[in-house]
Amino acid sequence: MKDKRTLTYTIENTIAPTLGEWLDIHQFPRKTMKELFGAKAVRLDGQLCTAKSELSQGMVLEIIPLKESLDHDSIEIPLTIVYEDEDILIVDKASGITMNSKEQVSLANGVAHYFKIHKIYGKVRFLNRLDRDTSGLVVVAKHGLAQHFYQMQMDDNRLEKWYRATVQGRLAQAHEVLELPIRKSADGIHQEVHPEGVMTKTEYEVLHYDAAQDTTDVRIRLWTGKTHQIRVTMAHIGYPLVYDPLYADEGVLESRQSAWGIDEAQCHKGLQQEVTNTAKGQIKDIGKTFALRAYRLVCYQMRTGEQIVIEVQ
């Protein structure tokens, strides 16, 4: 029986005389293909082949991804799966769970359990990552070739990542594209805008301003993928995410009563102390979480080229 994970390609008119050259033209990763050839997982017209095998029009190429052992403990947790095919899994991560932190149950453990019970023989490969308190769409590649080809989509911005957030204050611009260099700060916890950082690109559009709360709902597209990019960028321009314990600025969060009667400046100080305590291992949970959700994702199916649009509330 044919392995359902098998990738199948029909060789069309090509200037590549050998399979190796064809694979290079189509940007297959050489290291992975070397492993697949060694495992006898590549066939032309049903026959084992090598990178030196000669091609002719109409030949059928079959590539079977390697079977791998799980690289995380299998622990059952609730998973919300919004899309799945032979190559990727897209889950809606809940707020409050980490991606793969050690010594605590993480999303990686839940995905490993799903892989185990559904006989998906691959490592857990996250194509994008969300902070613990950020909820929303996470893409998981089921094998190395899927990771490679979807990473290419991320690199050339064909894979789109969209977020919704609530920030403090009223934004002066209804729409803006922000390009800032960001790097890890000296404390090893924060990220910061710095001339020596990696250039990032963040685009936002205002959705709604709440005068009573003095907060603004925004839609954000991430054009690059730096740790804490949205949080750092919005705080840098003076509009931190509401209740962000790491990047809210006391100069922005002036003392004012919220709808719940909470002094937000005092709340900020308390949250900063909780972050300090967390870093020292004294507590595990921060009381309030900021509102950031990865709600929309656009990519292209690696076998068919068909556009995939996933959107959650």
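Visitor: Which residue with a positive phi follows α3?
Guide: This is a predicted model in which local features need pLDDT of at least 70, side-chain atom pairs count only at pLDDT 80 or more, and totals for chains, interfaces and linings use all residues. Residues are numbered from 1 along each chain as its sequence is written, and side-chain values use heavy atoms, with hydrogens and water left out. Helices (DSSP runs of H or I, at least four residues) and strands (E, at least two) are numbered from the N terminus. The residue after α3 whose phi is positive, near 55 degrees, is K119.

Visitor: Why is helix α3 largely enclosed by the rest of the structure?
Guide: Buried means under 20% relative accessible area, exposed over 50% and partly exposed in between, with a 1.4 Å probe and protein chains only. The buried residues of α3 include L107, Y114 and F115. Helix α3 spans residues 107-117 and is largely enclosed because the number of its 11 residues that are buried is nine.

Visitor: How far apart are the ring centres of F28 and F149?
Guide: Rings of Phe, Tyr and Trp (its six-membered ring) pair if their centres lie within 6.5 Å; planes under 30 degrees apart are stacked, over 60 edge-to-face and the rest tilted. F28 is buried, at a relative accessible area of 6%. With F149 it forms an edge-to-face pair, with 80 degrees between the planes and a centre-to-centre distance of 5.0 Å.

Visitor: Which residues do ring pairs link into a cluster?
Guide: The rings of Y9 and F28 have planes at 80 degrees, so this pair too is edge-to-face. The cluster linked by ring pairs consists of Y9, W22, F28 and F149.
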